[in-house]
Amino acid sequence: MATKPTTLSLLTSTRFAIFSIVVICFVLQVINSLPGINLNGLGIYPRSIQGLIGILCAPFLHGSWWHFASNMIPFVVLSWLICQYSVKRFYNVFIFTALVGGLLVWAFGRSNIHVGLSGVIYGLWGFILCYGLVRRSLKSIIIAVVVAILYSGFIWGVLPQRYHVSFESHLFGALSGLFLGYRLAKADKLKGR
């Protein structure tokens with residue numbers, strides 16, 4: 001006899017953690033694609049009081065269907081790899097990189113609207129690489145090597161290349177992920193995890 005999943009077990013499910021974010025992004029992209037609707041105004045606009053709301057909204061908004069689609073595969077892959085530590089770890093990394101990376105974009109980014117999940121994706125990337133290097137457990141090293149091989153090209157995304165691409169989101173997302181990866185790896189080493 002199968003039991004119904006509890007709310008807590010649903011929230012701690014890897015599939016729910018990842019795909020709920022994908023669904024939110026998808027629904028917002030559908031709405032954003034409707035005639036006369038432009039949700040991207042809710043993105044991060046640096047050094048503007050109105051742009052502060054973008055720190056919360058920007059990761060879920062995308063400039064086009066191509067932008068949305070190009071973010072989803074790396075997001076799912078990197079999120080799933082972090083969930084191999086725990087779903088709670090994934091939520092912590094997601095929230096930290098979205099908020100800290102977003103705040104840094106707001107403080108230092110170009111005067112333009114910044115939207116997209118790529119800042120968080122770069123945060124996940126930076127977290128995995130730094131955590132693996134500092135923690136040095138077999139599991140963390142294997143995950144970091146897989147990410148280094150699959151996503152080595154990400155390093156170029158933190159540099160300004162194209163005007164319409166927010167390299168600032170990439171850079172500050174990666175830096176916030178690196179910082180959190182370092183801190184949590186050191187803490188986990190001390191705890192013997």
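An axis here is a line fitted to C-alpha atoms, for helices over the stretch in contact, and angles run from 0 to 180 degrees between N-to-C directions. Helices are DSSP runs of H or I with at least four residues, numbered from the N terminus. This is a predicted model, where local features need pLDDT of at least 70 and side-chain atom pairs count only at pLDDT 80 or more, while totals for chains, interfaces and linings use all residues. Residues are numbered from 1 along each chain as its sequence is written, and side-chain values use heavy atoms, with hydrogens and water left out.

Q: Why are helix 5 and helix 6 called oblique to each other?
A: The axes of helix 5 (residues 87-108) and helix 6 (residues 118-135) cross at roughly 120° and come within 9 Å. Under 35 degrees is roughly parallel, over 145 roughly antiparallel, 65 to 115 roughly perpendicular, and the rest oblique. So helix 5 and helix 6 count as oblique.

Q: What makes helix 2 and helix 4 roughly antiparallel?
A: Helix 2 (residues 14-33) and helix 4 (residues 65-83) pack at about 170°, with axes 10 Å apart. That angle is why the pair gets the label roughly antiparallel.

Q: Which residues of helix 5 meet helix 6?
A: Contact means heavy atoms within 4.5 Å. On helix 5, Arg89, Val93, Phe94, Thr97 and Ala98 meet Val120, Gly123, Leu124, Phe127 and Tyr131 of helix 6.

Conventions. Helices (H or I, at least four residues) and strands (E, at least two) are DSSP runs, numbered from the N terminus.
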